[in-house]
Amino acid sequence: MSASSSDAPVAIVTGAGRGLGREHALALARAGYDLVVNDLGGAGDGTGADATPAQQVVAQIEALGQRAIANGADVSNWEAAGEMIRSAVEHFGRLDALVNNAGILRDRTIANITEEDWDLSIAVNLKGSAAPLHHAAAYWRDLSKARGEPVNAAVVNTTSASGLYGAAGQSNYAAAKLGVAAMSVAAARELGRYGVRVNVLAPAAVTRLTEGVMKTEELKQRLQPRFVAPLVVYLLSDAARDITGRVFEMGGGALVAVDMPRPGAGLRHADGEWTPERIAEIMPTLLEQVPAQPSGIEAMQYMMSAPLDE
Ligand SMILES: NC(=O)c1ccc[n+]([C@@H]2O[C@H](COP(=O)([O-])OP(=O)(O)OC[C@H]3O[C@@H](n4cnc5c(N)ncnc54)[C@H](O)[C@@H]3O)[C@@H](O)[C@H]2O)c1
């Protein structure tokens, strides 16, 4: 297929065959983007593969009047991720945006987890965001240097309340997802000079990954995956041109800007040498000034009781 002459912006959405990724891709198509619809098409635990979901979303995007190609890369495969970035540029002639959304769950407690559960979660959720980001960043860096000016590109990476707040039973997923947020803040600092913004989304929606815990009809209505997509469209747009390295929760009608780790409270010892006994004395006062990490449920309660936008 030949490169197109259309000047529509081009976005890659990973894991766009179903769930949140499909809604992100469709919303971007409605906003005028052409798309690479990536999806390996496996089960929620990362096993198997099926090209059909990505192809169906391509057909939906074409019905909306935009162009799209399917891509079946496993995003945790470094080479395949690079090939995905190259195929966007070769097919459409440009790349403006990357949405790293593909993710899986392998829930086990840390005492019961297997090496495979650990490795697969870190591979898909963390490396599966790093690999496309690396190849896209290298492309944009080279383009910016060749043009002698910054490009105008943006990335949205996907974290999770499980990672931000440390959900029990999800140590592998939490480690990967908080890693995604940390990676994004570091990458945002690196890529600003090339004109590339990197922000982070912690979505909440009923999909096959969450329907086991979000069972009621009311929750399904309130937590529709399509409710999250407007934030993705916004973060990729010029309206967000000054926003980078930020983390947001979105879902169920709520939009929350998340405070990433920052120094809480501290004391310095005059001679530089603390004793365990002195640490024991000052610890209650120190911790009084720094509230403990909220649980995921507390964070969700905050989202659901956030003030109304009126
Ligand atoms: N649903 C929620 O409430 C929620 C909450 C927090 C975070 N998330 C995150 O949002 C993202 C989307 O999740 P969802 O709920 O829509 O789940 P989903 O299972 O419906 O969609 C995920 C998609 O990613 C694809 N995928 C998985 N591994 C892949 C790989 N190696 N390469 C390419 N594609 C792959 C799957 O085939 C699937 O279509 C995930 O990163 C998930 O961790 C979701």
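Helix axes are lines fitted to C-alpha atoms over the stretch in contact, and angles run from 0 to 180 degrees between N-to-C directions. In this predicted model, the axes of helix α1 and helix α2 (residues 52-63) come within 9 Å. They cross at roughly 20°. Angles under 35 degrees count as roughly parallel, so α1 is roughly parallel to α2. The crossing of the two helices is right-handed.

By class, the contact of α1 with α2 has five nonpolar residues, one polar and one charged.

The model also holds an open sheet of eight strands. The strand order is β3-β2-β1-β4-β5-β6-β7-β8, and the pairing is mixed. Strands β3 (68-71) and β8 (254-258) form the edges, each pairing on one side only. From one strand to the next, the twist averages 20°.

Within the sheet, β1 (residues 10-13) and β4 (residues 97-100) run parallel. Three bridges join them. Val-13 has Val-99 of β4 as its bridge partner. Helix α1 (residues 19-30) packs on the sheet. There α1 touches β1, β2 (34-38), β4 and β6 (196-204). The direction of α1 makes about 170° with that of β1.

Technical notes: Residues are numbered from 1 along each chain as its sequence is written. This is a predicted model: local features need pLDDT of at least 70, side-chain atom pairs count only at pLDDT 80 or more; totals for chains, interfaces and linings use all residues. Side-chain values use heavy atoms; hydrogens and water are left out. Two strands pair if DSSP finds at least two bridges between them. Helices (H or I, at least four residues) and strands (E, at least two) are DSSP runs, numbered from the N terminus. Contact means heavy atoms within 4.5 Å. Angles under 35 degrees count as roughly parallel, over 145 as roughly antiparallel, 65 to 115 as roughly perpendicular and the rest as oblique. A crossing is left-handed if the near helix is turned anticlockwise from the far one by less than a right angle, and right-handed if clockwise. Ala, Val, Leu, Ile, Met, Phe, Trp, Tyr, Cys and Pro count as nonpolar, Asp, Glu, Lys and Arg as charged, and the others, Gly among them, as polar.
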